[in-house]
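Here is my note for you to read beside the model. Please follow the points in order and find each residue as you go.

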Amino acid sequence: MLRDSAVLRLCVLIVETYWRNNSPVVCAMKNSCLRYGCIKCCLNTKMPLRTSDIEEIRGLGFTEDFFVTRRDGELRLRNLNGRCVFHNGERCTIYNDRPEGCRLYPAVFDEDKGRVVLHAYCPHRKKFQLTPTILCEVVKLVRKLDAERKRRL
Ligand code: SF4
């Protein structure tokens, strides 16, 4: 039988997973991309990956060499035929398990401005919102990626 603490952890995990995939902001993102039939950010992607992104995708049965490229301590999504290796031309085939950077995009950290912005590369960025939660998550992600890159050098 599960102990109380295990049940609590399970509940938190369920709520976090639900929130990750169904928060108003994430839904707005999904809707905008789908409504406009846009896959632009999946083309020739340079999306950086956290170690935990890689572990999650490996858990789906993919080998690291299949989807990761390495350069100067950075790990990024690999492209195949000009698009992310997981995009089949119509949709992302690992959408529910996509990397954190994909989930947050078009919110990115602009080094020159020193703040989080909606990336100018996204043609529908005005349909997205930068909420306090998204701002925090992007900053957290950038710090994590930076720390992991430094450890690999
Ligand atoms: S470029 Fe913008 S609208 Fe197009 S798929 Fe990416 S996030 Fe969605």
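**Notes on the model**

1. Start with Glu-148, which is found in helix H6. Helices (H or I, at least four residues) and strands (E, at least two) are DSSP runs, numbered from the N terminus. Glu-148 counts as partly exposed because it has 17 C-beta neighbours inside 10 Å. The cut-offs are these: a residue is buried if 20 or more other C-beta atoms lie within 10 Å of its own, exposed if 12 or fewer, and partly exposed in between, with C-beta atoms placed from the backbone. Leaving aside neighbours within four places in sequence, Glu-148 is in contact with Arg-50 and Thr-51. Contact is defined by C-beta atoms, placed from the backbone, that lie within 7 Å. Glu-148 and Gly-73 are 75 residues apart in sequence, but their C-alpha atoms are 8.1 Å apart in space.

2. Know what you are looking at. This is a predicted model, in which local features need pLDDT of at least 70, side-chain atom pairs count only at pLDDT 80 or more, and totals for chains, interfaces and linings use all residues. Residues are numbered from 1 along each chain as its sequence is written.

3. Check the confidence next. pLDDT is the predictor's confidence in each residue, from 0 to 100. The chain has a mean pLDDT of 86, and 80% of its residues reach 70 or more. Over residues 6-15 the pLDDT is below 50, and this stretch has 1 contact in the model beyond near neighbours in sequence. Where pLDDT is low, the predicted coordinates should not be read in detail.

4. Now the overall layout. The chain has 6 helices and 6 strands. Along the sequence they follow the pattern α-α-α-α-β-β-β-β-α-β-β-α. Of the 153 residues in the chain, 19% are buried. Take the contacts between residues at least 6 apart in sequence: 62% of them join residues at least 24 apart.

5. Which residues have the most contacts inside the largest nonpolar core? They are Leu-104, Tyr-105, Ala-107 and Val-138, in a core of 18 residues. The elements that give two or more residues to this core are strand S2 (74-77), helix H5 (100-104) and helix H6 (132-152). H6 gives the most, with 4 residues. A nonpolar core here is a set of buried Ala, Val, Leu, Ile, Met, Phe, Trp, Tyr and Cys residues joined through C-beta atoms within 7 Å. Not counting residues up to four places away in sequence, Val-138 touches Leu-104, Ala-107, Val-108, Phe-109 and Val-116.

6. Look at the strand pair S5 and S6. They run antiparallel, and 4 bridges join S5 to strand S6 (residues 115-118). Strands pair if DSSP finds at least two bridges between them. Val-108 stands opposite Val-117 in S6. The hairpin has 4 residues between the strands, and Gly-114 takes a positive phi near 70 degrees there.

7. Some backbone details deserve a check. The peptide bond from Tyr-105 to Pro-106 is cis, with omega near 15 degrees. Pro-106 sits in the loop between H5 and strand S5 (107-110). Asp-72 is not a glycine, yet it has a positive phi of about 50 degrees. Its place is in the loop between strand S1 (68-71) and S2. Asp-72 counts as exposed because it has 7 C-beta neighbours inside 10 Å.

8. Gly-82 is in contact with Leu-43 and Asn-44, leaving aside its neighbours within four places in sequence. Gly-82 and Asn-44 are 38 residues apart in sequence and 5.2 Å apart in space, C-alpha to C-alpha. Asn-81 is in the loop between strand S3 (79-80) and strand S4 (83-84). Asn-81 has a positive phi of about 55 degrees although it is not a glycine.

9. Finish at the ligand. The residues around the ligand include Cys-33, Cys-38, Cys-41, Cys-122 and His-124. Tyr-105 and Pro-106 are also among them. A residue is near a molecule if its C-beta atom, placed from the backbone, lies within 6 Å of it. By class, the shell has 8 nonpolar, 2 polar and 1 charged residues. Ala, Val, Leu, Ile, Met, Phe, Trp, Tyr, Cys and Pro count as nonpolar, Asp, Glu, Lys and Arg as charged, and the others, Gly among them, as polar.

Note on methods: Two residues are in contact if their C-beta atoms, placed from the backbone, lie within 7 Å.
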